[in-house]
Amino acid sequence: MAIQERPFLRAQTTRVAAAPGSLGNYLGSRKCDGIDKSNVRPSAALWSLSRFDWNTCMADYDLYYWPVPFLGQFVRAVLAHSGKTWTESDPAAIATLMDGPVTRMAVPFMGPPLLVDKKTDFAIAEMPAILLYLGETLDLMPSTAGRRAMSMKTINDANDVIDEINLDGGRQMWTVKRWADFVPRLKRWMAFWEETGRRHGLTAHAGYLLGGATPGVADVVTATLWSTMTDRFRPIHTMLEDAAPMTAALSRRISALPALADLTAKAKQDYGDAFCGGEIEASLRDVIES
């Protein structure tokens, strides 16, 4: 399904009457078939928004993440690559969920991303856990245990790079010296991807990170990590081309797949050049672009 055909950003979640203790009591009923819209009523006692949205009900997933790429873009990319539909809530709705009682959460979580699979009434938080779930349920994982483990390593490595580029959630701000000290480590991260691909037959023109005949979750994660950063920070683009040319080429090839190309265009439309937002991104741009 083309990206523009799905109910994409800032769609509202919906409250439908649900049995006590069900996932519907947390994030809205996922049982959409045969619903009479006239019976839908918002309830102030539940975490909800007040408008019924049929598109929200019909989507495959609900994703809770801020309106920036960053960690949420990995989830969006896997869903888009798999032809799935999803909705996203506005920041106020996410803040309401985060600040609510833990006993009322669909799954205990400190912050987004949070994903709800509406078909199975299953909710999961934390980017690596979400991608494990999607990789397994959408048939994006390799067939062998070793390569499935390597897929999870790739996902966790990407999560680590994101944490480091964000200085652990903005606990500190970037300075010229701090960035200069970090550059060798970032190049080493790039080398990890390059060597992983080399060991599995990746070349500048063909192949995938962990081998195989089709792209898997590790390839989508690779493309999302590096293309999102290099599209927004030209010096990182140059660094990747020099330090990991096969990884850069793989990222371009995967990002050029129609569903992911559409997602990139949508991200540009919705987020502009934003990466993670806030003061931490401003400090990163200051040191990289100076």
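Strand β1 and strand β3 (residues 114-117) pair in the antiparallel sense, over 4 bridges. Pairing here requires that DSSP finds at least two bridges between two strands. Strands are DSSP runs of E with at least two residues, helices are runs of H or I with at least four, and both are numbered from the N terminus.

Ground rules next. This is a predicted model, where local features need pLDDT of at least 70 and side-chain atom pairs count only at pLDDT 80 or more, while totals for chains, interfaces and linings use all residues. Residues are numbered from 1 along each chain as its sequence is written, and side-chain values use heavy atoms, with hydrogens and water left out.

Back to β1. The strand covers residues 61-64. Y61 and L63 point one way, D62 and Y64 the other way. All are buried, where buried is under 20% relative accessible area, exposed is over 50%, and partly exposed lies in between, using a 1.4 Å probe and protein chains only.

Take Y61. What is the bridge partner of Y61 in β3? The partner is D117. In β2, Y61 stands opposite W86. Strand β2 covers residues 86-88, and β1 and β2 run parallel, joined by 3 bridges.

Together with helix α3 (residues 70-81), β1 and β2 make a right-handed β-α-β unit.

L114 faces A125 of β4. The hairpin has 4 residues between the strands, and D121 takes a positive phi near 55°.

The order is β2-β1-β3-β4, an open sheet of 4 strands with mixed pairing. Which are the edge strands? They are β2 and β4, each pairing on one side only. From one strand to the next, the twist averages 20°.

Buried or exposed? I124 counts as buried because its relative accessibility is 17%. Set aside neighbours within four places in sequence, and I124 is in contact with V107, L114, L115, A129 and I130. Contact means heavy atoms within 4.5 Å. P113 is 11 residues from I124 along the chain, with the two C-alpha atoms separated by 8.7 Å.

Now helix packing. Two packed helices are described by an angle and a distance, both taken between their axes. Axes are lines fitted to C-alpha atoms, for helices over the stretch in contact, and angles run from 0 to 180 degrees between N-to-C directions.

First pair: α3 and helix α6 (residues 145-165). Their axes come within 10 Å and cross at roughly 155°. So α3 is roughly antiparallel to α6. The cut-offs are under 35 degrees for roughly parallel, over 145 for roughly antiparallel, 65 to 115 for roughly perpendicular, and oblique for the rest. F70, L71 and F74 of α3 meet A158, N159, I162 and I165 of α6. That contact has 6 nonpolar residues, 1 polar and no charged. Nonpolar covers Ala, Val, Leu, Ile, Met, Phe, Trp, Tyr, Cys and Pro; charged covers Asp, Glu, Lys and Arg; the others, Gly among them, are polar.

L240, E241, D242 and A243 of α10 meet P245, T247, A248 and R252 of α11.

How values were computed: Right-handed = clockwise from strand over helix to strand, strands pointing away.
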